[in-house]
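Reader: I'd like to learn how to read a model like this one. Could you walk me through it, feature by feature?

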Amino acid sequence: MLVCASAVAVEQIQLSLGTLGSGTWVLQGGSLTIDWSQPGQPALMVQVASLDVGARHIENISFTCHAFDLGVQAVDCPHGQLSLRSDWLNANAVPAALRYDFVSRELTVTAGGLALAGGKVRLQFHQAGGGWQLDADLVDVTLAGAAGLLQKAGVDTGGLEYQGRIGGRFTVQGNAGGLTRASWQLNTREAGYSNAEGTQAAEALVLASRGAASPQGEHWRVQASLAATQGMVYAEPVYLEFSDKQHLDLSVDLRWMPTRGELSVASLVFDQPGVVKGSLAAGLVPAGDKPLRKLDLNIDAAWLPGLYSTWLQPWLAGTALGKLDTEGRLHGRLAVRDGRVESLDMQLEDLSARDHDGQFGIGQLDGDVQWARDTAGLSTLAWKSASVYRLQFGAAKVALETSADRLKLQSPLMVPLFDGELHVDAFELDVKAGQPRWLLDAMLTPVSMRAVSTALGWPPLSGTLSGMIPRVRYAQGDLTLGGVLLVQAFDGDITVRNLDIRQPLGLVPRLRGDVRIDNLDLKTLTEAFSFGRIEGRLDGQVKDLYMEAWKPVAFDAAFSTPPDDDSRHRISQRAVDNISNLGGAGMAGAVSRSFLRFLEDFPYQRLGIRCRLANGVCHMGGVAPAQSGYYLVQGRWLPPRLDVIGYASEVDWSSLLDRLKGITAGAAPVVR
Amino acid sequence: MISIRISSLLGMLMFLAACVTINVYFPAAAAEQAADRIIRGVYGEEAGKPETVPAQKPGPDSLLELPAARPPVLLGLLEWLVSPAQAAADITIQTPAIQTIRASMEARFPELQPYYASGSVGMTNNGLVEVRDLNAVALRERKSVKTLVADENRDRNALYVEIARANGHPEWEADIRKTFAARWIANAPAGWWYQNASGQWQRK
């Protein structure tokens with residue numbers, strides 16, 4: 001520092017300060033003038049042509065003081081005025097104070113009420129013993145203005161538009177070697193930002209942050225806290241809303257290593273009441289091909305539905321898990337290495353989830369989920385209830401062996417289904433290239449058809465349902481049955497083969513399969529459907545069944561009395577009427593109107609119906625051809641003989657269904 | 001000699017068969033009617049007065065786009081081979097899959113309608129919808145409008161595939177999409193936004 005003193009006039013002393021500076025700031029063209037020319041009004045003036053602090057450039061700094069104290073040791077002016085000009089900070093005769101100690105070279109400059117970015121700033125600069133500190137007290141500074149200033153200084157503000165205001169204190173400390181510490185205690189109000197696409201936006205934010213950053217060699221260490229108590233943020237696809245009750249508190253201790261482009265988060269503690277609470281440690285390389293090098297996430301507690309709706313659902317939209325009603329709690333740990341999940345250890349408590357469309361659900365699930373990429377784990381799950389479509393399963397416990405991309409049932413599982421049980425002998429799931437595949441082997445012990453049919457919204461059926469459910473496979477959205485599904489109902493056997501369901505949980509599930517029925521008892525069946533009593537047995541098959549959204553689109557079905565059936569063959573008046581009705585209009589009550597009304601039922605030789613459905617049309621047939629038609633019921637030779645003959649060879653499928661529901665239309669069969 | 005005759009006959013048959021296959025053209029007029037039925041079902045009472053979109057002309061024009069596929073020499077023969085019933089083919093939309101997709105779209109429409117009306121969601125020129133201006137959507141609704149648009153597009157894509165498949169011509173998907181793209185716009189009420197052929201947004 002160069003200080004030259006020269007007496008220009010008796011009444012004036014001028015000190016030319018030449019060039020002053022430390023590592024981070026440079027002052028040029030400075031002068032100190034003390035003027036006694038006005039009697040009783042001495043004036044002290046400090047003038048600086050330019051001051052550069054880092055990249056900041058300030059010109060024409062002028063400090064004037066009329067009441068000052070000039071001693072041998074120091075000059076002290078507590079009530080001066082400051083003017084300065086720069087492209088970011090301007091002052092025109094704002095109140096300011098200055099003190100400079102000639103011996104210790106300690107300088108303190110204070111200026112209040114400077115206009116900065118739409119608000120005010122009070123600055124205090126203090127230099128002593130090689131160190132310096134600048135305190136900036138911000139009042140109602142606009143974020144837009146502040147962002148503009150930062151942009152001018154070459155700081156990336158993320159291409160966002162800012163609203164709202166910020167206030168608080170910002171402190172920078174340094175020495176001859178440069179910046180040593182920056183600290184802040186800032187609050188925002190009505191703050192917000194938005195990018196052009198609207199994918200990153202915030203409104204009405206009330207944030208409070210305090211923290212400090214200090215360089216450590218080539219690195220920076222940042223310790224900070226942030227509390228959001230009002231407002232909302234949309235960071236696609238996550239939306240957060242804050243209130244006094246729904247606040248978010250973060251505190252972080254991190255190290256930024258610019259030379260390595262690496263961010264090391266020693267700890268980030270988060271607390272979002274009702275949603276999630278915990279901490280994490282992470283290593284990030286933002287510009288790397290796997291930005292998340294390391295993550296250790298500790299969830300102390302998480303609550304549903306908060307966690308689901310805030311943090312999980314946005315990523316699950318469009319999947320089967322995209323629309324769930326959830327409740328319950330969980331806690332646990334998750335570890336990620338090089339962008340890949342390495343291990344998971346989660347405890348689920350009283351967790352319930354239900355799909356909005358009611359396709360599946362689970363109730364009061366407790367579990368201990370253990371998974372690691374490198375070692376085998378054992379997970380246990382226990383639930384009080386579960387549902388698939390309208391089938392309600394009961395409470396069960398399951399132990400699962402897990403390994404890298406596989407999950408396997410440790411021991412057979414028994415799940416109550418109505419009054420029966422589903423025995424799952426084997427279940428294996430693996431995930432290859434993000435696609436889950438699973439395999440299931442199960443058996444169903446007898447369940448009353450009444451319960452099943454009621455649950456499915458069918459007419460109440462009697463009998464029982466039981467069967468083998470062998471080798472059910474699911475891969476690439478396709479559910480297939482490896483073996484034969486055997487259902488025992490109505491005293492007969494129903495077998496389903498070649499079952500294949502595409503997208504079973506999708507909008508349009510497509511089912512293909514072949515169904516065969518053997519020796520069904522018609523009496524039980526007709527009683528169940530209140531069709532009118534028919535006695536006898538029935539065989540049949542539905543070949544090439546194809547259903548979309550659980551509605552038949554095509555099949556080739558034929559049902560008839562087995563050729564070797566020697567059981568009693570009787571058909572009631574009402575059943576005959578109903579079969580006639582199936583054929584069409586006008587024949588309702590044909591039997592009950594004729595002399596046959598005196599007979600409650602009739603013997604028959606064979607009965608049967610055939611329908612080949614294609615393009616919405618059912619190509620009809622019966623048990624045998626009749627003259628220009630087909631026999632639906634073939635009577636016994638002995639009188640009273642009753643035949644039901646159908647004539648319509650093609651029937652519209654939807655109207656056939658309507659007729660089945662009691663509506664009559666189209667060509668009628670003839671009773672004779 | 002005999003074998004040569006057979007092969008030339010076979011060749012001729014194959015040639016004719018190939019021509020006939022080409023001539024099963026996309027029934028544009030019927031597709032337009034089918035699209036209108038579905039679209040009005042979705043829009044419900046919101047449907048505006050439909051307009052005829054000049055870019056969407058039925059049948060014969062689309063054949064003219066493929067002059068090489070139908071050499072004029074064979075014209076008379078083909079008209080004799082292809083029965084009028086086949087040429088005036090109808091478009092089936094009565095399958096459970098199509099009905100399920102329609103029901104899903106109809107149920108979603110009331111949720112999407114305010115965004116169409118405000119212009120934050122518009123109709124694209126490929127028969128889908130798109131978020132035009134996310135900034136016009138309240139912050140708290142941005143997540144759901146994105147999901148609605150994604151779900152709607154999933155249904156629309158499935159619908160076009162499904163109609164083509166239900167009519168036995170999976171290759172018609174592009175034509176069906178094109179028809180729908182025009183009819184979604186034609187049936188929309190005034191004030192909604194749509195993309196013109198060059199991809200620019202316009203207000204109806």
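Predicted model: local features only at pLDDT ≥ 70, side-chain atom pairs only at ≥ 80, totals over all residues.

Reader: Fine, disulfides. How many does the structure hold over all chains?

Author: There are 2 disulfides over all chains. To call one, you look for two cysteine sulfur atoms within 2.5 Å. A:C65 and A:C77 pass that test, with their sulfurs 1.5 Å apart. The link between A:C65 and A:C77 is right-handed, with 95 degrees about the S-S bond.

Reader: Now the interface. How many residues are in contact between chain B and chain A?

Author: Start with a count for each side: 19 residues of chain B touch 30 residues of chain A. Then look at the area buried between the two chains, which is about 1,800 Å². Carbon and sulfur atoms give 56% of that area.

Reader: What about polar contacts and salt bridges between chain B and chain A?

Author: You'd find 4 salt bridges between chain B and chain A. One salt bridge brings together the side chains of A:R510 and B:E162, at 2.4 Å from N to O.

Reader: Which helices of chain B supply the side that touches chain A?

Author: Helix 6 (96-118) and helix 7 (139-166) of chain B each bring at least two residues to that side. Helix 7 of chain B gives the most, with 11 residues. Sorted by class, the side of chain B that touches chain A has 5 nonpolar, 5 polar and 9 charged residues.

Reader: Let's go beyond the interface. How many salt bridges are there over all chains?

Author: A search of the whole structure turns up 38 salt bridges. When you read one, ask how far apart in sequence its partners lie. Take A:R337 and A:D296, whose closest N and O atoms are 3.2 Å apart.

Author: A:R337 counts as partly exposed, at 32% relative accessibility. A:D296 is partly exposed as well, at 27%.

Reader: Which residue does A:R329 meet in a salt bridge?

Author: A:R329 meets A:E349, with 3.2 Å from N to O. This pair also links distant parts of the chain: A:R329 is in strand 21 of chain A and A:E349 in strand 22 (residues 340-355) of chain A, 20 residues apart. A:R329 is partly exposed at 36% relative accessibility, and A:E349 is partly exposed at 28%.

Reader: Where do A:R533 and A:D601 lie?

Author: A:R533 and A:D601 form a salt bridge at 3.0 Å, N to O. A:R533 lies in the loop between helix 4 (522-528) and strand 37 (534-535) of chain A, and A:D601 in strand 41 (residues 601-614) of chain A, so the pair ties together parts 68 residues apart in sequence. A:R533 is partly exposed at 29% relative accessibility, while A:D601 is buried at 13%. Salt bridges can also join up: A:R533, A:E535, A:R568, A:R570 and A:D601 are linked in a network.

Reader: Last one, helices. Why do residues three or four places apart point the same way?

Author: An α-helix has 3.6 residues a turn, so residues at that spacing point the same way. Now try helix 2 (residues 306-316) of chain A, where the buried residues include A:G306, A:T310, A:Q313 and A:P314.

Reader: What do the buried residues of helix 2 of chain A pack against?

Author: In chain A, they pack against strand 16 (238-242), strand 18 (262-272), strand 19 (276-284), strand 20 and strand 21. Helix 7 of chain B is another partner of these buried residues. After helix 2 of chain A comes A:G318, with a positive phi near 90 degrees.

Technical notes:
Residues numbered from 1 in each chain as written. Chains lettered and ligands numbered in written order. Heavy atoms only, no water. Contact = heavy atoms within 4.5 Å. Buried area = accessible area lost by both parts, 1.4 Å probe. Helix = DSSP H or I, 4+ residues; strand = E, 2+ residues; numbered from the N terminus. Nonpolar A, V, L, I, M, F, W, Y, C, P; charged D, E, K, R; others polar. Buried < 20%, exposed > 50% of the residue type's maximum accessible area, 1.4 Å probe, protein only.
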